[in-house]
Amino acid sequence: MVDAARARKLADRIQQIVAEMLERRIKDPRLGFVTVTDTRITNDLRDATVYYTVYGSEGERAETAAALESAKGIIRSEVGRQTGVRHTPSLTFVADSLMEDAAHINELLAKARARDAEVAKAARGASHAGEADPYRAPAGDTDETGGTGENAEDEGGEAGHSSS
């Protein structure tokens, strides 16, 4: 097994190399506005998966995927040359659905906010279904001031206070 830190370093380096190659060296007109978001490598360092996003329509995404597949060999040879590992990992390009997932989450949050606003609007003029004070004491325990029998004198202000 390979050290996990070494695998992560190699994955980060592959991500940098691929991003640089797409920006500077690959001149395919089908290649759209691509951003390399992540790279994962297997524990044996034989296979690397490069995740990317493309800004544009579905057609542009498909063209970019085809351009990446056709440039895979050039990119892989450059990865091997710059990393210096014994076995250059094979590359697999996977479209990252990060943008679509984020948009979907934002839509769900907007719906939840709208429903919360509707509930708050409906609750604004509403009253309780039961009595106003569901914990009301039995009728015999109250006195004139509205308090319970225990603290009736304290509430009235007569006991325990001397006015001098």
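I take helices (H or I, at least four residues) and strands (E, at least two) as DSSP runs, numbered from the N terminus. With that settled, I read the elements from the N terminus on as α-β-β-α-α-β-α-α, which gives five helices and three strands in the chain.

A note on the source: this is a predicted model, where local features need pLDDT of at least 70 and side-chain atom pairs count only at pLDDT 80 or more, while totals for chains, interfaces and linings use all residues. Residues are numbered from 1 along each chain as its sequence is written, and side-chain values use heavy atoms, with hydrogens and water left out.

**Whole chain.** I looked up burial (buried is under 20% relative accessible area, exposed over 50%, partly exposed in between, with a 1.4 Å probe and protein chains only). Of the 164 residues, 23% count as buried. Next came contacts, meaning heavy atoms within 4.5 Å. Among those with a separation of 6 or more, 58% join residues 24 or more positions apart.

**Aspartate 38.** Is aspartate 38 buried or exposed? I found it buried, at a relative accessible area of 17%, and placed in strand E1 (residues 33-41). Beyond its neighbours within four places in sequence, aspartate 38 is in contact with Arg8, Gln15, Thr49, Val50 and Tyr51. I also noted a polar contact of 2.9 Å between the side chains of aspartate 38 and arginine 40. Such a contact is a pair of N or O atoms within 3.5 Å; within protein, one must be able to donate a hydrogen and the other to accept it, and residues adjacent in sequence count only if both atoms are side-chain atoms.

**Helix H3.** My next stop was H3 (residues 72-83), whose buried residues are Ile75, Glu78, Val79 and Gly80. What covers them? I found that the cover includes helix H1 (4-25) and strand E3 (90-95). In general, an α-helix has 3.6 residues a turn, so residues three or four places apart point the same way. After H3 comes glycine 84, with a positive phi near 70 degrees.

**Lining of the largest pocket.** A pocket here is an open set of points on a 1 Å grid over the protein atoms alone, where a 1.4 Å probe fits, with protein on both sides within 12 Å along at least five of seven lines; lining residues have an atom within 4 Å of a point. I counted 14 lining residues, with Thr53, Val54, Tyr55, Arg61 and Glu100 nearest the centre. E2 gives the largest share, four residues.
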